[in-house]
Amino acid sequence: MIRVLVVDDEALVRSGLRMILEAADDVVVVAEARDGRDAIAAVSRHRPDVVLMDVRMPELDGVRAAAEIGRAPAPSKVIMLTTFDLDEYVHAALRAGAVGFLLKDTPPRDLVAAVRTVAAGNAMLAPEVTKRLISSFADRGPSRAEAARERLRVLTGREHEVVRTIARGLSNAEIGRELAMSEATVKAHVSRSLAKLSLDNRVQAAILVHEADLA
């Protein structure tokens, strides 16, 4: 079972998310929290696999809570919930260690699929909106772009190809088909690339590629 913590300051939203998630036979909501401080405490108490968390909340917002959760050993994976009028928070949330985000009007089937994807260790980069927002909010000024390209120079040619496909939102299976590699080989390249770049997850790698203007 995939253990999920639902975090939102509106009880009605939390209840709706719980109903959607628990309709799936492989997902269980282990707890709910109404703000970032409650979320941090709930993560420590329940050790969920995935935290589904609103961006804007009282007391402590989702961005700062995600950063705190990400500092724990073997941290839970955080998916941020946002709306288009809160887009300015998206880049900060990804920087804080969130592995993706969803719009609040995401269809129930896609919400459950996202939780499964993240629980399996993949970033939520597949939806077009995610790729568009990452591209939009990555700072691609000349100095930033050159700094990003310099960081990417530590990668081998094959690793460079892999991180560029990550930035396009491809899964390991899709990368394998495009680059003629097994999924196990792709996974190994991804792990080595993240380690070389001192990054925590695929989303951060995608941001770096976009900053380098190489996506």
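Q: Where is the place of Glu159?
A: This is a predicted model. In it, Glu159 sits in helix H8, which covers residues 157-167.

Q: Why is Glu159 called buried?
A: Buried means under 20% relative accessible area. Glu159 has 3%, so it counts as buried.

Q: What makes the link between the side chains of Glu159 and Lys196 a polar contact?
A: The cut-off is a pair of N or O atoms within 3.5 Å. The side chains of Glu159 and Lys196 make their polar contact at 2.9 Å. That value meets the cut-off, so the label applies.

Q: Which residues does Glu159 touch, leaving out those up to four places away in sequence?
A: They are His189, Arg192, Ser193 and Lys196.

Q: Where does UniProt place the feature "modified residue: 4-aspartylphosphate"?
A: The UniProt record, an unreviewed entry, puts it at Asp54. In the model, Asp54 belongs to strand E3, residues 50-54.

Q: Is Asp54 buried or exposed, and how do you know?
A: Its relative accessibility is 4%. The limit for buried is under 20%. Asp54 therefore counts as buried.

Q: What does Asp54 touch, not counting residues up to four places away in sequence?
A: Contact means heavy atoms within 4.5 Å. Asp54 has such contacts with Val7, Asp8, Asp9, Gly62, Met80, Leu81 and Lys104.

Q: Where does Val55 lie, and what is its burial label?
A: Val55 lies in the loop between E3 and helix H3 (62-70). Its relative accessibility is 2%, so Val55 is buried.

Q: How far apart are Val55 and Asp35 in sequence and in space?
A: They are 20 residues apart in sequence. From C-alpha to C-alpha, the distance is 9.6 Å.

Q: What makes a group of residues a nonpolar core, and how many residues has the largest one here?
A: Its members must be buried residues of listed nonpolar kinds, joined through side-chain atoms within 4.5 Å. The largest such core has 25 residues. Those with the most contacts inside it are Leu5, Val7, Val51, Met53, Val78 and Met80. Strands E1 (2-7) and E2 (27-33) are among the elements that each supply at least two residues of this core. H3 gives the most, with four residues.

Q: Why might nonpolar side chains gather like this?
A: In soluble globular proteins, nonpolar side chains tend to be buried together.

Q: What does Met53 touch, not counting residues up to four places away in sequence?
A: Its contacts include Val7, Ala39, Ile69, Val78 and Met80.

Q: Which residues does the second, separate core include?
A: This core has 21 residues. Val162, Leu179, Ala205 and Leu208 are among them.

Q: How do you know that E4 and E5 pair?
A: Two strands pair if there are at least two bridges between them. E4 and E5 have four bridges, in the parallel sense. In one of the bridges, Ile79 has Gly100 of E5 as its partner.

Q: Why is E5 said to have both faces covered?
A: Gly100 and Leu102 lie on one side of E5 (residues 100-103). Phe101 and Leu103 lie on the other. These four are all buried. In a regular strand the side chains alternate between the two faces of the sheet.

Q: What makes the phi of Ala74 worth a remark?
A: It is positive, about 45°, although Ala74 is not a glycine. Most residues other than glycine have a negative phi. Ala74 is in the loop between H3 and E4.

Q: Why is Ala74 called exposed?
A: Exposed means over 50% relative accessible area. Ala74 has 77%, so it counts as exposed.

Q: What is the phi of Ser198, and where is its place?
A: Phi is near 55°, a positive value in a residue other than glycine. Ser198 is in the loop between helix H10 (183-197) and H11. Its relative accessible area is 64%, so Ser198 is exposed.

Q: Is Val186 buried or exposed?
A: Val186 is in helix H10. Its relative accessibility is 0%, so it is buried. It touches Asn172, Ile175, Gly176 and Met181, not counting residues up to four places away in sequence.

Note on methods. Residues numbered from 1 in each chain as written. Predicted model: local features only at pLDDT ≥ 70, side-chain atom pairs only at ≥ 80, totals over all residues. Heavy atoms only, no water. UniProt positions renumbered as here; feature names shortened; annotations may be inferred. Buried < 20%, exposed > 50% of the residue type's maximum accessible area, 1.4 Å probe, protein only. Polar contact = N/O pair within 3.5 Å; in protein donor to acceptor, adjacent residues only side chain to side chain.
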